[in-house]
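Here are my notes on two spots in this model. Please read them with the structure open.

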Amino acid sequence: MKGPKQVGPFWAIAAFVHFLCVHPADAAERGNYGGTLRIAFTGPEAQAEPSLADAPADAALFQTSFQGLCRLQSADKLQPVLATEMEQTGARTWRISLVEGARIRSAGGLTARHVAQSWARLSQQGTLSPYRALLYPLRGEGRQLEGAILSSSMIELSTAFAWPDLPASLCHPALAIAVPIAGGGAVGLGPFTATSRGDVLEENLSFPLGRPYLDRLKIVFANGRRALRLLSLAQVDLVLGEAEKTNLIRSPLELYATYLAFKAERTGADFRGDFEGAVDRAQLTQFFAPTASVPMFNLLPPALMPQSATTATRASAASKRRAAPPLTLLYDQALPEQRLVAERIQVRLHDLGYRIVLKPVSRSELRKRWALGQFDLMLHAVLMPPLPAPALALAIELAGKHELLASELPRIGAEAEAAVRELKVRERALALAAQLPLIPLYAQSAVLSASPRWYLPFDGQGLPRFDDAYAVGE
Amino acid sequence: MRPLLLLLAVGTMTFPQLPTPPPPPPSAHRLALEVAERIVSQGAEAPVAILVRSSSQALSDGFATVLAAALARAQMGPSVLNNVADPIQWARANLVKSLVRLELRVENGQLIARGDLFGTWVNFWSGKAVTRPPQPAAIIRASVDADPEVAAILASSSDRNPFRLTGFASLPLRTAALAAGDLDGDGRDEVVALTDDELVVFSWDGRVLAKRNHRKQPASPTPCREPVGSVVLVPKTRQVAYFSCRLGKAEVLEFEPSQGSLKLVETADAAPIARSGESLLWTKVLPGQNTFGPEFGAKGEPAVSLGQAFWTLSYLLSSTPPVYLAVFPGGTGTLARGGPSGADRWALRELGAGSGLVDFEGRGVPALVTSSPRFHSEPEEVRVLQLTKAPTLKWTAVLPIGLILQVTGADLDGTRRQAAVLGVWMPDGSGEIQVLRSLPAE
Amino acid sequence: MRLRTQLALAFACLAIVPLALVLPWALSNLRRTLTQGFDARVASAMIAARSVLEQVSKASTVGAEELADSPVLEDFAREVHAGHATPSTTTLGERLMKSRGLSVLSLLDSQGVTLSSGHLPARLGDRDPALFATTEQPSGREPLPVMVEVRGDAGPLQLPALVAARAVDYGETRIWVVAGILLDDRLADQLSRLTGAEVTIAGAGSALAHAGAADAPNTEKTIDFQPIARLTFAFSRAPQVSAEGGILRAFVLITGLGLLLAIVAGWVVARHLTRPLEALTTATRQLAAGSLGVSVREESSGEVGDLVASFNRMSAELKSVTERLISSERTAAWQEVARRLAHEIKNPLTPIQMSLETLAAARIAGSPEFDRLFNEGVKAMLEEVERLRRIVDEFSRFARLPKPRLAPVDPAELVRQVLALHPARPAGVRLKTEISNGMTVQADRDLLTQVLMNLLKNADEAIGGEGEIAVRVRRHSDGVAVEIQDSGPGVPAEHRARVFEPYFTTKADGSGLGLAIASRICQEHGGRLELDATAGGGALFRLVLPAPPEP
């Protein structure tokens, strides 16, 4: 990537973040080609939509066959994947060249049109996603990118205001290129390709970064305990989404942030204060969402901004709500820890007089309800990009305040230096926290269990990179 | 609990066994302060453990003390490690959040501290398992003008080492292949390095003589994940044959020393892997992988098969008979005397990915220079093995930073005594060429 | 009331009375038995329920003890002692609770903070004063009733439970295991199915769990777990009540059927008994009415059979006797008629004989007076012959009464015609007529005219030229009556019976046959001629003719 490299205090943090990321092929030996990695996946099903495959385990699996234009090796280091070059041609324009001749199975060659259509889905009715905030700085907010297509392999993106983090934002997994095919479903370009056997993914020899070390991946769907048992019986090599403490491998970046979104007119004005007084985040992460989570007090996770305990005014613990209709708390039925967290919230708020009914729904249903604003309370989790400015945009969008983006983002993007930008983001995050109907809860990282004979690195988004994984000799 | 432990660590580590180290020379003092500043500016997390190596233990200790003091002033909770077998393990076990590993040396009148800053924080949730492979996270590089005292200390200490490792050149990308040979007939070998962008010809002292950029050429449909390639030099004809996995094909170039240019002679689909006399030996590359073979041979001649695909093929033609070394994935290798299909061959184990035959003595007796055989070994080691029937370790040194992926022998000073030219991959994606010289016994 | 009805009713009463006597006694007995049975069932159900609750408390205690001794908790205690809180503690309580079949499980530390909870996992980390209070009881006692917060749809609910607490120690760390079973819908359902009653578990004034249904009327029993909960068992007596009702209905039905049966049987039996008696009665009536030779043909046995046989015999005898009597009467009547005829004939024959003898004597004697004697004698003889001839004519007229040729005759019109034919009366005779019209009889006109004229002549002769004659035509119970009443001296009582005999006359020159002929004519018509005395002393002759049945 060619672009201005920034130095400054932000990079202290970024470098710290940088510590924790693995660079490709850092082995003392060369990678071993060959082998089959058997993965037990604890989610209920494989997601087919990039904006829905955002839980770390889902994203890790999704990225094996759907990649985006680029990938973050660390917060400052961008590795082009489906793009060969992302060149800044002006103060607010970037020219992106796509890899030539990359073929997507059953959809022809990768073209700029595929990219535009893929990104446009984020803003369409029915598939509206909070990740459209990542494209917000573009002219037209990423909805109409036909005008940006220069040729079948070149796109020129221009932003409405200065936004230096644009290229890094484009590396988010939700912006992966997915081309819909007839008969439902979608195909993409990734290090592995799906075969006719649904649970086996074969290496993609023509992957622009080079074929993965592994020959194939074999996916087994199993719930948490069964998956761990399969691992201990050596019937699978890796468990994605669940770990026991002896085998746990965690990415160090907790970027999967879970919030409690609420509708103030339904919950009442005291809700935030009541919640803060009733629910202890440290307990929440210690007992109820224990695997790989850290408490999140501010709008952005601890990996992106140093946390300061919330300064929301606490309503007196004795404030009661009498005779109010019960509130419904929606949560993702595919994430088992959300059930425990939802129950905890239900129980703690019950002591203050709130009556809350829990309702598990599918993730697509959850997003639909978010898009329409049809909910009382919702546990909503999104995968934050490892950069503070796009993360703030995502948080504002998640809170449903799309209109605030117009006033907040340009001021942030106007700062050319990353460190200053980061400070501004931090300040805005603290300022906006009370305004947004969003209570941050905790942030999680990707969690896996693997037998030690596999080498599995993580990328800058905190997700495992299966294309760089290989078996290590005994 | 933790502060106690730290105090204990600091206490045991710095005070009981050793006498108070002498105050370091001013340049080392300055360097220590600069390094401390760098460490703090890189955002290291307290507490920090420090490991300093140099050819002089006393200098290392003094340097470490000053560095620790500076870090302590910056509230970094430093502790100094000495004689610790596995510093990273120690750091984890003692709940140290960052580890600084430094190497001190003098080069070109500069006292250079090079090392890395390394996060070792382990979330207690992760239990005993490694949460992530330890990786160097930030490079600490600082240098000050060396005063004569420091140079003297280091120089005299270096007498204890028969080998010396110095830098040679830096490249923006990691090296895919290395080769050395006398292309311009001046008696000293040139070093040719291949990266995914270009092929660079260096002179014996590290100057760039010629470059060929192949980045503009279209990529192969089956690109490689790592920088993979091969370079073979034919000094007589001044030919440089190279294969880059990014291109998916090989090019044979002719080096024009007076113009400092490389001219394309021909292209080929196979990869040049070795030389026998004046003819190039070609092999196949498994598409998208980092292995060659298993067969190789000259064009038009029957191929020699090594039985399995190999990572590297190293050869010493100046020895009689010529010796070939093939390293296979997994760290095994085969050494064959008398040519690649020589009758006298024996199997080797525990070779690193960067292995090569180097004739340090100039007598035609190759030594085996190899990297650490351990997977993800930290830090990287360079080992010099004497090639008897059972190779014995003659010398080993620790590389503070980087991984050795290529080893080739080059006669850089015209004395027929080769030095080992190492292709070192840096953690930030760049590459370095370092030279391991054997020092004459005095 | 007829005998048959009486008998039938007697039968019915005979049948009813025992039933009516038995029914209340049986019912009360039944009620007592059912109530006893019900009470026994309730008692045994309550015993079963108590034993289930005992098992529940035992399960709580045993569960708590077993958990306290188990290696899982030892490991857990060790981890807590070492200060490691593991992620799996969130689900530890739930897993242990489910695997041991408990419905309440809390692991508390020595301050009462929940380390893991099976029934409300979301309570981890909070203090639980209610369950912690149970740990203050020394172990070995019965489990305690306590209100426990469990998962519900809209948040935690309070439900009662029986819990037991045991301690697990590791060094100085103490962990309390509080385990138990909820008194919830599941337990209520189990108890309800076991006892067949409607089980309600109530606490703090409201019903917390409920299972089963019992229709009113109910008997309630309660088991208390003071002060937390009360289990109420409502046993429905509806089956008993319905059983009673059913049996009562059955009884009533049986009684009704029995009554019906008794009535029918009685009727049948009575009929069987009384039919010969009725036949007998009918025959007797017929016999009394005059038909002879009536016999009862009913088969019967026993006394009634004897009676019937006797009656038949009697009837036959009566018939033969009556026939003999009639024939002897007839013979006597003919003898009488013959005697009278002989007498009548003899009367004129004597003078004839005398005359003839005189003549004969005179001829012999050659008497000169023979011519005179001959003329006188012939004159006398012709007179006597005339008299003889008149007697014979009347007798033959009597004997030769023609059969009446019946035709519809209007008596009113006939009577008027007869009155019109009757010669003019002397002035002193008043004729009163009361003639009803619209009647018709079957009669021979001529004969009837003759009768009426005869009667009128008699009436005329009776009043002797001065008095009143009433002629009436009216309906009579036996048909039509024509009455002729005179105001004469009447007929003395001793003659009234004999008036209609032939040759009975009170008149000097009557033949004595007029009324006999009239009576005979009336009898031939199927009617009769009656003579009544009137209040004024005169004679009332009533001619009764049967009227033909109304069309």
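Which residue in strand 14 of chain B stands opposite Glu251(B)?

1. The residue is Thr267(B). Keep in mind that this is a predicted model.

2. Strand 13 of chain B covers residues 249-256. Seven bridges join strand 13 to strand 14 of chain B. The two strands run antiparallel.

3. Both strands belong to an open sheet of four strands in chain B, with the order 11-12-13-14. The pairing is antiparallel. Strand 11 (229-234) and strand 14 (261-268) of chain B are the edge strands. Each of them pairs on one side only. On average, neighbouring strands of this sheet are turned by 20° against each other, with direction ignored.

4. Asp189(B) sits between strand 7 (177-181) and strand 8 (190-194) of chain B. Asp189(B) is buried, yet has no salt bridge. Arg275(B) is the nearest side chain of opposite charge, and it is 8.4 Å away. A salt bridge has a cut-off of 4 Å.

5. What does the side chain of Asp189(B) reach at 2.8 Å? It reaches the backbone nitrogen of Asp411(B). The side chain of Asp189(B) also reaches the backbone nitrogen of Asp182(B), at 3.2 Å.

6. Check the surroundings of this residue as well.

Technical notes. Residues are numbered from 1 along each chain as its sequence is written. Chains are lettered from A and ligands numbered from 1 in the order in which they are written. This is a predicted model: local features need pLDDT of at least 70, side-chain atom pairs count only at pLDDT 80 or more; totals for chains, interfaces and linings use all residues. Side-chain values use heavy atoms; hydrogens and water are left out. Buried means under 20% relative accessible area, exposed over 50%, partly exposed in between (1.4 Å probe, protein chains only). Lys and Arg count as positive and Asp and Glu as negative; His and the chain ends are not counted. A polar contact is a pair of N or O atoms within 3.5 Å; within protein, one must be able to donate a hydrogen and the other to accept it, and residues adjacent in sequence count only if both atoms are side-chain atoms. Two strands pair if DSSP finds at least two bridges between them. Axes are lines fitted to C-alpha atoms, for helices over the stretch in contact, and angles run from 0 to 180 degrees between N-to-C directions.
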